[in-house]
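Dear colleague,

Please find below the structure that I am handing over to you, followed by an account of what was found in it.

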Amino acid sequence: MGSGKKFAVLLCAEDSDYVKKKYGGYFGVFVGMLAEEGEKWDLYRVVAGEFPGDGEIAGYDGFVITGSCSDAHGPDPWISKLFNFLQKLDSLKKRVLGICFGHQILCRALGGKTGRATSGWDIGVRTVNLSPSLKLFPSLKIPNFLSVIECHQDEVWELPPGAEVMASSNKTRIEMFKCGDHMMGIQGHPEYTTDILLHLIDRLLQRDFITLKSIMLPTILENGDLSYLHCELFGAVGNA
């Protein structure tokens, strides 16, 4: 299925030295989770103002927007540029997967609303319940729930017009959404390992961004098979 396809990761955060050394940066983490044999994956550091040119967009089958330390509703020039870029991708019906910050800014670009979570930070492993509507595709073997790593203080407040909730939790009402057959957002971090989460928690504590009270004690993550994410966004489901 993946042979000859081309995708791009839109990196919205600077890699820590630890993640670069152990995983080859977050680009390596995402490629490890999503890439299939025969595909080509490129990296654009949008946090540093690096975006695909207009003439390059057509060559990609899909894009992935990563997490970030920035707010999706922030005033940074690169965030405004990403906002406009995502609207362009939507007009071209390009497939886009947004993770955490990516989930939130994708929502905003499509006409939804985001902001600070009323219940505060969500850090740790949380059970996310998937929508019954996903059972329309039984061949994907989608479970009823997933245990997903979370690390965010913002959330989607209001879905874009025409969007559908794909998953929710007892902490966050919109854990996943889709808009049309080409846009999908995930609030959690299916790409994270427990090791990455613990390293991130340590960095946040050292910088006084969080306190120990913010954290659910991490447990062993049992994500199960997430291969359906690639199918849902980049494969046959969108063409069904």
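This is a predicted model: local features need pLDDT of at least 70, side-chain atom pairs count only at pLDDT 80 or more; totals for chains, interfaces and linings use all residues.

**The largest pocket**

A pocket here is an open set of points on a 1 Å grid over the protein atoms alone, where a 1.4 Å probe fits, with protein on both sides within 12 Å along at least five of seven lines; lining residues have an atom within 4 Å of a point.

Residues are numbered from 1 along each chain as its sequence is written, and side-chain values use heavy atoms, with hydrogens and water left out.

The lining of the largest pocket consists of 29 residues, and G67, S68, C69, S70 and C151 lie nearest its centre. By type, the lining divides into 15 nonpolar, 8 polar and 6 charged residues (Ala, Val, Leu, Ile, Met, Phe, Trp, Tyr, Cys and Pro count as nonpolar; Asp, Glu, Lys and Arg as charged; the others, Gly among them, as polar). At least two lining residues come from each of α2 (25-34), α5, β7 (145-152) and α6 (194-206), and α6 gives the largest share, 3 residues. Helices (H or I, at least four residues) and strands (E, at least two) are DSSP runs, numbered from the N terminus.

Helix α5 is largely enclosed by the rest of the structure, because 8 of its 9 residues are buried. Buried means under 20% relative accessible area, exposed over 50%, and partly exposed in between (1.4 Å probe, protein chains only). The buried residues of α5 are F101, G102, H103, Q104, I105, L106, C107 and A109.

Most residues other than glycine have a negative phi. C100, in the loop between β4 and α5 (101-109), has a positive phi of about 55° although it is not a glycine; C100 is buried, at 6% relative accessible area. Just after α5, G111 takes a positive phi of about 110°. K93 has a positive phi too, near 60°, and is found in the loop between α4 (77-91) and β4 (95-99). K93 is exposed, with a relative accessible area of 57%.

**Nonpolar cores**

A nonpolar core is a set of buried Ala, Val, Leu, Ile, Met, Phe, Trp, Tyr and Cys residues joined through side-chain atoms within 4.5 Å. The largest core has 32 residues, and F63, I65, L82, L86 and F177 have the most contacts inside it. β1 (6-10), β3, α4, α5 and β10 (176-179) each supply at least two residues of this core, with the largest share, 7 residues, coming from α4. Leaving aside residues up to four places away in sequence, L82 touches L10, C12, F51, I65, F101 and I105 (contact means heavy atoms within 4.5 Å). A second, separate core of 18 residues includes L34, V64, I99 and L146.

The structure holds 10 salt bridges, each being a side-chain nitrogen of Lys or Arg within 4 Å of a carboxyl oxygen of Asp or Glu. R116 pairs with D71, with the closest N and O atoms 3.1 Å apart. This pair links distant parts of the chain: R116 is in strand β5 (residues 113-116) and D71 in the loop between β3 (62-65) and α4, 45 residues apart. R116 is partly exposed at 37% relative accessible area, as is D71 at 24%.

In another salt bridge, D122 and R126 meet at 2.9 Å, N to O, and both residues are buried. D17 and K20 form a further bridge at 3.7 Å between the closest N and O atoms. D17 and K20 are separated by about one helical turn because they lie 3 residues apart in helix α1 (residues 17-23).

D154, in strand β8 (residues 154-158), is buried, with a relative accessible area of 5%. Among the residues that D154 touches, not counting those up to four places away in sequence, are D71 and R116, together with A72 and Q104. D154 and A72 are 82 residues apart in sequence and 8.3 Å apart in space, C-alpha to C-alpha.

Yours sincerely
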